[in-house]
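Subject: Structure handover

Hello,

Please find below the structure I said I would pass on. My notes on it follow, in plain terms.

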Amino acid sequence: MAQSAATQPVIDAPSSTGTVHSSKPEQSYGGFTRFELELEFVQALANPYYLNHLASQKLLQDPAFIAYLKYLRYFQQPEYTKYLFYPGPTLNALELLQQERFRQEILSPDIVAHLAEQTLLLSIKAK
């Protein structure tokens, strides 16, 4: 879970063109900034079972959703990576999601199980 809004500094997420924009006053979505919501979502991508759920809902076939996943690659930049709790598995999943073949194969229970095992091993090594 990301840090609470009271303890996390306000961070501007890049616009869809890749440039960081400052929105003053900071727009809130249910009490959270856009960056906080994107951070929470991108970290959820490290969960192979969640990826399987997204695929089963056919979101990974939606061109708008695929474009959003591409946009989220800004988390690969060091100034944003530092906010990820598990940067290895998170960024690995984000990169895999850029590939059409992976977006199709994540429906397979065998692929999900293998990825879950690899994610667990990566998180153990990180400690």
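**What was found**

Lys 58 sits in the loop between α2 (48–56) and α3. Its phi is near 65°, which is a positive value in a residue other than glycine. Most residues other than glycine have a negative phi. Lys 58 is also exposed, with a relative accessible area of 53%. Please keep in mind that this is a predicted model.

**The chain as a whole**

The protein chain has 7 helices and 0 strands. Along the sequence, the pattern therefore reads α-α-α-α-α-α-α. Of the 127 residues in the protein chain, 37% are buried. The chain exposes about 7800 Å², and carbon and sulfur atoms supply 59% of that area. If you take the contacts between residues at least 6 apart in sequence, 64% of them join residues at least 24 apart.

**Salt bridges**

How many salt bridges does a search of the whole structure find? There are 3.

One is between the side chains of Arg 34 and Glu 38, at 3.1 Å from N to O. Both residues lie in helix α1, 4 residues apart, which is about one turn of the helix. Arg 34 is partly exposed, with a relative accessible area of 24%, whereas Glu 38 is buried, at 4%.

Another joins Arg 101 and Glu 105, whose closest N and O atoms are 2.7 Å apart. Here too the spacing is 4 residues, about one turn, and both residues belong to helix α6 (residues 100–105). Arg 101 counts as exposed, at 60% relative accessibility. Glu 105 counts as partly exposed, at 31%.

The remaining pair is Glu 95 and Arg 73, with the closest N and O atoms 3.1 Å apart. This pair links distant parts of the chain: Glu 95 is in helix α5 (residues 87–96), while Arg 73 is in the loop between α3 (63–71) and α4 (78–81), 22 residues apart. Glu 95 counts as partly exposed at 31% relative accessibility, and Arg 73 counts as partly exposed at 28%.

**A buried arginine without a salt bridge**

Arg 103 is found in helix α6. Arg 103 is buried yet has no salt bridge. Which side chain of opposite charge is nearest to Arg 103? That is Glu 100, 4.8 Å away. A polar atom of the Arg 103 side chain does lie 3.2 Å from the backbone oxygen of Gln 98. Leaving out residues up to four places away in sequence, Arg 103 touches Ala 55, Leu 60, Ile 66, Leu 97 and Gln 98.

Tyr 29, Phe 32 and Leu 37 make a nonpolar surface patch of about 270 Å². Phe 32 is placed in the segment before α1 (34–44). Is Phe 32 buried or partly exposed? Phe 32 is partly exposed, with a relative accessible area of 41%.

Regards

How values were computed
Residues are numbered from 1 along each chain as its sequence is written. This is a predicted model: local features need pLDDT of at least 70, side-chain atom pairs count only at pLDDT 80 or more; totals for chains, interfaces and linings use all residues. Side-chain values use heavy atoms; hydrogens and water are left out. Patches are made of residues with over 30% relative accessible area and no salt bridge: like charges are joined within 9 Å, nonpolar side chains (Val, Leu, Ile, Met, Phe, Trp, Tyr) within 5 Å. Accessible areas come from the Shrake-Rupley method with a 1.4 Å probe; for residues, only the protein chains shown count as cover. A salt bridge is a side-chain nitrogen of Lys or Arg within 4 Å of a carboxyl oxygen of Asp or Glu. Helices (H or I, at least four residues) and strands (E, at least two) are DSSP runs, numbered from the N terminus. Buried means under 20% relative accessible area, exposed over 50%, partly exposed in between (1.4 Å probe, protein chains only). Lys and Arg count as positive and Asp and Glu as negative; His and the chain ends are not counted. A polar contact is a pair of N or O atoms within 3.5 Å; within protein, one must be able to donate a hydrogen and the other to accept it, and residues adjacent in sequence count only if both atoms are side-chain atoms. Contact means heavy atoms within 4.5 Å.
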